[in-house]
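Biologist: Please take a close look at a single part of this model, the place where one piece of a chain meets another. Then set that part in its wider surroundings.

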2 protein chains.
Amino acid sequence: MPADGGPVTSIPEDRPALPSWREGDAKRSIVEFVRRASSEVPVEERVAVFDNDGTLWCEKPLPIQLDFILRRFVEMAEADPALRDRQPWKSAYERDYGWLDAALVEHYAGDDRNANVIAGGILAAHGGISVEEFEAGAGEFLRTAEHPTLGRAYLRCGYTPMVELLDYLSAHGFANYIVSGGGRDFMRPISQEVYGISRERVIGSAVALAYRGDESGGTIIRRPEADYLDDGDEKPVRIWNRTGRRPLLAAGNSNGDVPMLHFTQHADKPFLRLLVRHDDKDREFAYAAGAEEAFDEADRLGWTVVSMKDDWSTVFD
Amino acid sequence: MPADGGPVTSIPEDRPALPSWREGDAKRSIVEFVRRASSEVPVEERVAVFDNDGTLWCEKPLPIQLDFILRRFVEMAEADPALRDRQPWKSAYERDYGWLDAALVEHYAGDDRNANVIAGGILAAHGGISVEEFEAGAGEFLRTAEHPTLGRAYLRCGYTPMVELLDYLSAHGFANYIVSGGGRDFMRPISQEVYGISRERVIGSAVALAYRGDESGGTIIRRPEADYLDDGDEKPVRIWNRTGRRPLLAAGNSNGDVPMLHFTQHADKPFLRLLVRHDDKDREFAYAAGAEEAFDEADRLGWTVVSMKDDWSTVFD
């Protein structure tokens, strides 16, 4: 039985596991790891953690949540002309993404001045509304918007091989968690549908919340300030807070995932670290910016690199 | 199926539900609520939340975690004589609990000066150690220490009727969470054994944590500062953060549980708020301090009051 007491559905022997994974080191590492973990590790300890943007679904040409926020900036600028001359609203309103791109490049280079301007805008964009209202807006966006270049709905931008991996792990008693640098409450409305991950297993960045009681059950309000950014060293901390466990498997794709991958290590149990390499410009995007340290660590420590080009026969459903 | 995909074990028809609950309004309310929730609410929405101290287990003559901390204060004062003249170590070292009692009484009256002195001591008591070390110490204490007056191990200080209620809810597809003002990481080592609640479903107060990476997986360290105190208005916020849901059932026993009980309310689904009344001086303790507002709200809003004296045929196993 898995940690939560549910049944372990065996993968039928006559159906090949991980059908969208080509034969190779990555697939072999996964199958061997799952075989060992299933026999050696009590089911309640089988925890797997997954970064989201660029690991489970597409994050180019811009993270999906950023699209959601840019549309909100446009709405705000349409309602309040004074915002049209202020960043980050100006850039969104004029559909001039050069300033935003530059801010991201600066961020990766360690200069967070404009990233902080963006963060301030993001916090203001949904400050003061209830968690239910925010979630309704996020869910509506995710269920209706389309990816700008791939010609598919955002809800179909999950990587098929990774969804197969999530299913494969679930079938072997693993509890899968999303550990996203993006917003926890942004992903919750669709995590079950897209990944089979229930909302209580979504870990991500969070704004500060405040409860306001009233006679009809009260409301939890999003305050316009960050609670924490679930990235880098904060990822292991948030995994511990939520699960109380050190994972057996972690998958990421960028420098912000390095501590989580380091953390996924045991002296006496099997463990697996996966790093997704975006090297498939034909089927997805090819990029390495923001992942340099991660690939250095993968080389140095023998993490399992997953090449989208070589290891996956299909990228999208 | 429950939210986590596990099987719903039916309560056998030939075994009476809640055997340690006497017939009466409280038991009837529970059975009727569970009957309705099981037929009307999708299983993934069946979330129940329980305060711990005084709701699931005994909190008198002092909260069990306070006993753990006082023993640590004594250890610290034995190692460092300078602490023997400073509160809160002085009081612990001299086994003079008058100062501590007075601080608690002042706290309930709204004066937190000495409570803050205690809080500072608590944070210092286990600052700088890893989460694993803390948990080993808490688990060791909880598995070996005895209640000072009841003549039973702390691990057997859970209220039998409440453990039956947890089982009854689980059997009807509910996910039960502890939502304690006490420390999350203090309860996790024994929550499965005592309550059948897995560690990822323990919500409680938390200190700030920091990840320190190294070649062998790194360590999460307890920093000597609070992250949050899971009490009062913070309880609904922490329930949302962890579960992403508004509970159907909440149980508490004191003023710090009032917002959580308010929050447990739905326009279109069954819900139940339980308030445990400590009125059984023979089998447990009789006290009302710190619960005045809660009982006023129970009267005003029709929450279900559970009298330990009248509603429970057995208090302890």
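**The domain boundary and its setting**

Modeller: In chain A, 23 residues of domain 1 are in contact with 18 residues of domain 2. Contact here means heavy atoms within 4.5 Å. The model is predicted: local features need pLDDT of at least 70, side-chain atom pairs count only at pLDDT 80 or more, and totals for chains, interfaces and linings use all residues. Residues are numbered from 1 along each chain as its sequence is written, chains are lettered from A and ligands numbered from 1 in the order written, and side-chain values use heavy atoms, without hydrogens or water.

Domain 1 of chain A comprises 25–59 + 155–311, and domain 2 covers 64–144. These bounds come from an automatic or database domain assignment. The two centres, taken over C-alpha atoms, are 24 Å apart.

Together, domains 1 and 2 of chain A bury about 1800 Å², with 66% of it on carbon and sulfur atoms. That area is the accessible area (1.4 Å probe) that two parts lose on being put together, summed over both. On the domain 1 side, A:F186, A:P189 and A:R222 supply 38% of the area buried against domain 2, more than any other three residues.

Two salt bridges link domain 1 and domain 2 of chain A. A salt bridge needs a side-chain nitrogen of Lys or Arg within 4 Å of a carboxyl oxygen of Asp or Glu. The side chains of A:R143 and A:E193 form a salt bridge, at 2.4 Å from N to O.

Now the other chain. A rotation of 180° with 0.0 Å of shift along its axis places chain A on chain B, with RMSD 0.0 Å.

Strands are DSSP runs (E, at least two residues), numbered from the N terminus, and two strands pair if DSSP finds at least two bridges between them. Strand β3 (residues 202–212) of chain B pairs with β4(B) in the antiparallel sense over six bridges. B:A210 has B:I221 of β4(B) as its bridge partner.

Key:
Helix = DSSP H or I, 4+ residues; strand = E, 2+ residues; numbered from the N terminus. Least-squares fit on C-alpha atoms with pLDDT ≥ 70 in both.
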